[in-house]
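Dear colleague,

I am handing over the structure below, and after it you will find what turned up when I went through it.

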Amino acid sequence: MDIQTINHTARQARRYVVTMNHKAGKGHTGADLSEIDIICTLYMAVMDRSQARPDQDRFILSKGHGAGGFYCSCAAMGLLDPAVLDQYMGDDTLLAGHPIHQKLPDLVEINSGGLGHGLPIAVGLALGNKLAGRSHRRAFVLLGDGELAEGSNWEAAMSASKFKLDNLIAIVDRNRLQLAGKTEDIMPLEPLADKWQAFGFEVIECDGHDPQALIEAINRPGQDKPRVILANTEKGHGVSFMTNVPAWHHAVPDDQQLAQALAELEE
């Protein structure tokens, strides 16, 4: 998959996000926009999903409040009918505000949004693959950086290191913002790379909006240990007035803002 195609798909996903959240009057627009390049790169250029479960690579969206970005990425990639986006966060629809496996079993691995749960489950998937002789199958999990204040992540990290889960890839959407402000003001994470290394992970930092950098970071030959990618991103990426503005964590565009966002997201 060429990089230009991934970038084109991610741009379309961003157009879907601002339009969908505007129509719904709900959503986590900033968080949706920061993760899209990561999701599109994983599905389009990294993961092998050619076989049925359990013999395939698996993806867990631990930052479940980014469900809108996931749905819109899937729609842009042809994995979900774009018409379904009109249902977003309606009553008893396929597209809940947080992902629900029972609604979209072919796309959603777990019901997520309770922060700190995704990495422990990914550890279980990776360990299960090892025990079943499927070490070539990887478990990917996307974490929000604000989510790392949850202690369950670090308990899971210790387990991943103990069992040498080199088939586990954790990716941190490191946009440095959460609901109420900067992560470093609310619950400081730095030195984040040193923390992960101390817990036994191989750590790679890269630009989370650069598909080529993400591919290289994920596919680099391993060190017989779990890997974490610290993907440096921008909350609200792609739309100038949303970028790095904490209020867009849970804000949605009005008519005028939607028009401006769509104009900026044109090819």
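Helix α1 passes helix α3 in a right-handed crossing (helices being DSSP runs of H or I with at least four residues, numbered from the N terminus; right-handed meaning that the near helix is turned clockwise from the far one by less than a right angle). The contact (heavy atoms within 4.5 Å) is made by T9, Q12, A13, Y16, V17 and M20 of α1, together with G68, G69, C72, S73, A75 and A76 of α3. By class, these residues are seven nonpolar, five polar and no charged (Ala, Val, Leu, Ile, Met, Phe, Trp, Tyr, Cys and Pro count as nonpolar, Asp, Glu, Lys and Arg as charged, and the others, Gly among them, as polar).

Please bear in mind that this is a predicted model, in which local features need pLDDT of at least 70 and side-chain atom pairs count only at pLDDT 80 or more, while totals for chains, interfaces and linings use all residues. Residues are numbered from 1 along each chain as its sequence is written, and side-chain values use heavy atoms, with hydrogens and water left out.

α1 covers residues 3-24 and α3 residues 67-76, and the two pack at an angle of about 130°, with their axes 8 Å apart (axes are lines fitted to C-alpha atoms, for helices over the stretch in contact, and angles run from 0 to 180 degrees between N-to-C directions). The two helices are therefore oblique to each other (angles under 35 degrees count as roughly parallel, over 145 as roughly antiparallel, 65 to 115 as roughly perpendicular and the rest as oblique).
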